[in-house]
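Colleague: Thanks for making time today! Could you walk me through this model, a question at a time?

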Amino acid sequence: MSLLRQHLIDPEICIRCNTCEETCPVDAITHDDNNYVVDAAKCDYCMDCISPCPTGSIDNWRMVTAGYSIEAQFSWGELPAEIDHGDAASVDSQQQEANEEDASEILKVAHSGESGKVLPPASAERPYINIYNRDKPMTARVAGNFRLTDDNSESDIRHVILDFGDKTFPVLEGQSIGIIPPGEDEKGRPHLVRLYSVASPRDGERPGANNLALTVKRVVFQEDGETVRGIGSNYVCDLKKGDQVLVTGPFGATFLMPNTTSANLIMICTGTGSAPFRAMTEYRRRHMPDAGGKLLLYFGARTPGELPYFGPLNKLSDRFIDKQLVFSRLPDNPKEYVQNRMINQADKLAALLNSQDTYIYICGLKEMEKGVEEAFEKICADNNLSWTETKITMKSSGRYHVETY
Ligand SMILES: Cc1cc2nc3c(=O)[nH]c(=O)nc-3n(C[C@H](O)[C@H](O)[C@H](O)COP(=O)(O)OP(=O)(O)OC[C@H]3O[C@@H](n4cnc5c(N)ncnc54)[C@H](O)[C@@H]3O)c2cc1C
Ligand code: SF4
Ligand code: SF4
């Protein structure tokens with residue numbers, strides 16, 4: 001019996017961000033209104049799509065005798081179970097010849113615990129996912145849109161509240177929603193859905209209200225002497241109270257908060273990466289104010305004027321949350337980034353890393369991930385810990401989560 005190692009996307013975890021489709025050099029990844037899928041006939045195992053995927057849902061592999069068709073994958077709500085092929089199976093010889101090195105690398109990674117199914121915290125509430133899609137979106141009404149950053153700062157980050165009226169749109173802290181920008185791209189195709197993290201707790205921006213908040217940064221930059229405005233972010237940032245918006249989701253089944261009062265949450269972010277942490281912190285403040293587990297926030301921005309929620313954050317007591325606000329462009333001060341502050345607080349972090357009750361969440365721009373990883377490596381090395389082992393243990397028990405974009 002000849003076996004093929006098929007590359008698959010976990011539809012339960014995938015947040016439909018389109019990153020993999022943009023990345024794949026051979027157009028092996030495609031999507032419909034339901035799922036993102038990999039075409040087995042095109043995928044050459046180059047692995048380019050693995051690290052950019054913000055959820056790890058792209059990193060799934062099954063040994064199969066005949067590849068699952070893309071039509072079958074479009075219909076899935078979850079990955080099919082592993083099939084036991086017994087000892088008689090051998091990997092398809094053509095594929096093996098062409099990809100022997102990549103394939104053994106895939107296996108090595110899978111067995112090291114670096115790969116495989118990304119897990120939510122064991123005690124997390126079970127989320128609803130993919131209830132609404134482009135074909136069947138939810139219509140929300142804008143209930144508010146406020147600037148969070150200083151008027152004179154370059155960075156326009158906004159707090160946008162969407163109301164669902166009497167319709168059901170259940171979300172958990174850490175999930176994202178999709179916004180469908182109106183109009184079409186230059187090729188006449190409808191714009192892709194843009195994802196935004198929910199910044200309010202599950203019971204609404206206002207407790208008991210059927211609404212949620214987003215933290216959205218207006219993307220504007222110069223390219224070849226021209227000003228380029230991001231389609232989705234400018235659409236959301238320009239919304240007025242009362243406007244109607246088409247929403248998809250909710251998305252994300254792993255970047256969720258534990259439901260135990262003993263859980264320590266280490267939250268590391270820059271800019272709009274603070275959105276899920278506002279949601280998690282607010283949930284703890286409303287519903288678990290006396291939780292014994294620690295909340296520790298490392299939050300980086302250029303200046304206090306560019307740090308979303310600077311005022312409200314400062315009002316939270318130090319007993320409730322340990323806030324480490326770090327600035328890289330303060331006049332007359334050396335540049336400081338979250339990883340620098342983490343290294344300066346190595347003892348505190350090493351003690352938390354030693355606890356089975358500690359959960360790590362990293363959210364924000366992709367560039368921050370490397371510095372944060374290096375900081376953890378150094379902290380562990382200086383404290384007789386192995387970061388590689390600690391991370392594998394944390395990942396395999398749903399305690400290490402990264403969502404960068
Ligand atoms: C899981 C997830 C959660 C997210 N959560 C949030 C959130 O909570 N808040 C939030 O604001 N965003 C969030 N994003 C990002 C968001 O989905 C959009 O990618 C972002 O708003 C930009 O979309 P746009 O349509 O405005 O830009 P686009 O029209 O897509 O175009 C922007 C283009 O320019 C590039 N670009 C973007 N910024 C720059 C820059 N400064 N300089 C040069 N090129 C640039 C992009 O790579 C892209 O090619 C999230 C993304 C993911 C995947
Ligand atoms: S979450 Fe990963 S698999 Fe899903 S669309 Fe984004 S990059 Fe692709
Ligand atoms: S492994 Fe390479 S070829 Fe296969 S889907 Fe990912 S990027 Fe495309």
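Modeller: Gladly. One definition to begin with: two strands pair if DSSP finds at least two bridges between them. Please keep in mind that this is a predicted model.

Colleague: In what order do the six strands of the open sheet lie?

Modeller: The pairing in this sheet is antiparallel. On average, neighbouring strands are turned by 40 degrees against each other, direction ignored. Reading across the open sheet, the order is 9-8-13-6-7-10.

Colleague: How many bridges join strand 6 to strand 7?

Modeller: Strand 6 covers residues 138-147 and strand 7 covers residues 157-163, and the two run antiparallel. Within this pair, glycine 144 stands opposite isoleucine 161 of strand 7. The number of bridges joining the two strands is six.

Colleague: Let's turn to the ligands. Which element supplies the largest share of the shell around ligand 1?

Modeller: In total, 19 residues surround ligand 1, and Arg194, Leu195, Thr215, Gly232 and Ser233 are the closest. Strand 9, strand 10 and helix 4 (231-237) each supply at least two residues of this shell. The largest share is four residues, and it comes from strand 9.

Colleague: How much of ligand 1 does the protein bury?

Modeller: Let me start with its polar contacts, where N or O atoms must lie within 3.5 Å. Oxygen atoms of ligand 1 are 2.7 Å from a side-chain N or O atom of arginine 194, 2.8 Å from a polar backbone atom of isoleucine 231 and 2.5 Å from a polar side-chain atom of serine 233. Taken alone, ligand 1 exposes 980 Å², and the share of that buried by the protein is 65%.

Colleague: How many charged residues does the shell around ligand 2 have?

Modeller: There are 14 residues around ligand 2, and Cys14, Cys17, Cys20, Cys53 and Thr55 come nearest. By class, nine of the shell residues are nonpolar and four are polar. The charged count is one.

Colleague: And which residue is the charged one in the shell around ligand 3?

Modeller: This shell divides into ten nonpolar, one polar and one charged residue. Asp, Glu, Lys and Arg count as charged. The residues around ligand 3 include His7, Cys24, Tyr45 and Met47, and the charged one among them all is Asp44.

Technical notes. Residues numbered from 1 in each chain as written. Chains lettered and ligands numbered in written order. Predicted model: local features only at pLDDT ≥ 70, side-chain atom pairs only at ≥ 80, totals over all residues. Heavy atoms only, no water. Near = heavy atom within 4 Å. Axes fitted to C-alpha atoms, helices over the stretch in contact; angles between N-to-C directions. Polar contact = N/O pair within 3.5 Å; in protein donor to acceptor, adjacent residues only side chain to side chain. Areas by Shrake-Rupley, 256 points an atom, 1.4 Å probe, with all protein chains shown as cover.
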